[in-house]
Amino acid sequence: MAESTTTLARGAVKVRSARRGRLERRRARVALTFVAPIVVLFAVFKAYPFGYAFYLSLTKNKGGVTTFVGADNYSRLIHDPLFRKALSNTFQILLIQMPVQLVLALVIATALNSGLLWLRGVFRTAYFVPIVMGLVAYGVLFSSLLNPQYGAVNDLLGHIGIGPVPWLDDPFWAKVAIAIAMTWHYTGQTAVIYLAQMQSIPKELYEAASVDGAGAFRKFRAVTVPGLRPAIVLSVILSTIGALQLFDEPFVLTNGGPENATETIGLYLYRNGFQFFDFGYASAIGYGLTAIIVLISLIQLVVLERRER
Amino acid sequence: MTRLPARLALNLVVALGALLMVAPFVWLLSAITLSSAGIRAGGAFLVPGDQLAHNLSQLFNTTGFGRSLLNSVLISAIFTLLAVAVCSAAGYAFAKFRAWWLSALFGVVIVTLALPGQVTLVPLFKMMVSLGWLNSYQALILPNLALPVGIFLMRQAILSVPDELLDAGRVDGAGEYRIFAQIVLPVVRPSLAALAIFAFLTTWNDFVLPLVVLRDPSSYTVPVEIATMQTVNGTDSISLIMTATAISILPVLGLFLLLQRQFIAGLLGSAVKG
């Protein structure tokens, strides 16, 4: 899109008369006034802080005096066991949660798309409604639901002879608790994305598959999944980026515990910046996170795109 | 045509799943009618108690929740209005004007979508300190105003407005600003609604930035207030925390049930159309 418009503009400029050129310049000035607010906002509240964070990441603050320390914060970051722990926690949660969410969302979207379903609108609303809840609100709610002493979840599990499960008190179960909360919150949204994409798959493809004698499962594999690929790729990348920045849920549910089992990169950055006031190191963590996100997104793009061919 | 048992089974499974999704809301509704002791005794689920009035009066009289609610309402309202204005203007420029620097700028907008906002947390905090903006509304409103998703959404919507419509306006002697306000905006009204909902959700639920720049409890927004109640009081005031949580969900839930179409478009717009 971007390239085609620039080449178009270039080609157009050559053939255009001087009068058209003046008109174009006037229109460009108009365009500038339309984008001026976001340009200023981006420059002041996005570009400048990003640059400033990089500068901070090369400094150390001791007793109010900021000194330049080069790459010290970064070499500390690479050898920091807690940063590694936060990173591995994040990946463990991601690797449990994302496949589950992806499959569930696919199943839900397929069911919601089925002509055999009654009350489709009502069901769609029910599956989508969790996303409405703010991160803090659902974190607080789940910390009550999963409370090992009085939580409704253990209560229900007790009735069928399971538990009590030490949600939030045990390093393993605390991760599971966060994964469950995230799955509840985001699956419906992902399902509705898949559903929208499913409905845009041409009916003829399914009819052709029927003519070829394909059953329901075969049609799902040969028509639905390839048709959904762009939406799946996008949701995998977005969930990964989201999970790497995980902050609100562990902050409210577990505050990183027990035994740092749910410490995430976001929490660790916050702690260093606003509890230890080590702005330099917090900024280095931020840039470490950015590097990881860029790297993983690129890998996912390459791998998922290649599989498409 | 199809066998009824299969159809019944499908509906049953989907209904069970839907029940699971809605259950936390039902639990919450029940919890706010109980005392903290009642919740701790595991009493919440479909059994309404009689403590709702007590919880509400306690919440508004003994905690800072009322003030936080006012802060959140004002911040979200101002943010939504400004974000709609700023993002739709930018969307118009990106959709209907051609220049190399516009394409480059749009690229910057897209890249920002993927960059983690947490990197800017410390610099934003230091900026707010030096500007004297800690505890202020503008500290929460300005940094996120240029919503990349909102700009993208508006660009996509305005791209589909036919150029002939704009040319007709020009023939009638309308200037670019009048064309934008009186021709483009009315046509894309559904997308404006989607953008407004998205913008409202973004500020209403925002947590990390408020947590960092709001130091004085009287400046807290609802999520910060709830998280603070949770960490300070623990389960002693669980009924108040749940009541606060329920109130924080109410406006969003109301919006969702009233404007479901625009709501879903707002949350998915960028993903689906992109």
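Trainee: Which residue in β2(A) stands opposite Thr59(A)?

Mentor: The model is predicted: local features need pLDDT of at least 70, side-chain atom pairs count only at pLDDT 80 or more, and totals for chains, interfaces and linings use all residues. Residues are numbered from 1 along each chain as its sequence is written, while chains are lettered from A and ligands numbered from 1 in the order in which they are written. In β2(A), the residue opposite Thr59(A) is Phe68(A).

Trainee: Over how many bridges do β1(A) and β2(A) pair?

Mentor: Helices (H or I, at least four residues) and strands (E, at least two) are DSSP runs, numbered from the N terminus. Strands pair if DSSP finds at least two bridges between them. For β1(A) (residues 59–62) and β2(A) (residues 65–68), the sense is antiparallel and the number of bridges is 4.

Trainee: Which residue in the turn of this hairpin has a positive phi?

Mentor: β1(A) and β2(A) form a hairpin with 2 residues between them. The turn residue with a positive phi, about 55°, is Gly63(A).

Trainee: At what angle do the axes of α9(A) and α10(A) cross?

Mentor: Axes are lines fitted to C-alpha atoms, for helices over the stretch in contact, with angles from 0 to 180 degrees between N-to-C directions. The axes of α9(A) (residues 203–211) and α10(A) (residues 216–244) come within 10 Å. Their crossing angle is roughly 140°.

Trainee: Which residues of α10(A) meet α9(A)?

Mentor: Two residues are in contact if their C-beta atoms, placed from the backbone, lie within 7 Å. From α9(A) come Leu205(A), Tyr206(A) and Ala209(A). The residues of α10(A) that they meet are Lys219(A), Ala222(A) and Val223(A).

Trainee: Which helix gives the largest share of the side of chain B that touches chain A?

Mentor: In the contact between the chains, 75 residues of chain B meet 75 residues of chain A. The largest share of the chain B side, 11 residues, comes from residues 4–31 of chain B, helix α1.

Trainee: Where in chain B is confidence lowest?

Mentor: The predictor's confidence in each residue is its pLDDT, from 0 to 100. Chain B averages 88, and 94% of the residues score at least 70. Confidence is highest in helix α4 (residues 65–96) of chain B, at a mean of 96. It is lowest, at a mean of 64, in residues 260–273 of chain B, helix α15.
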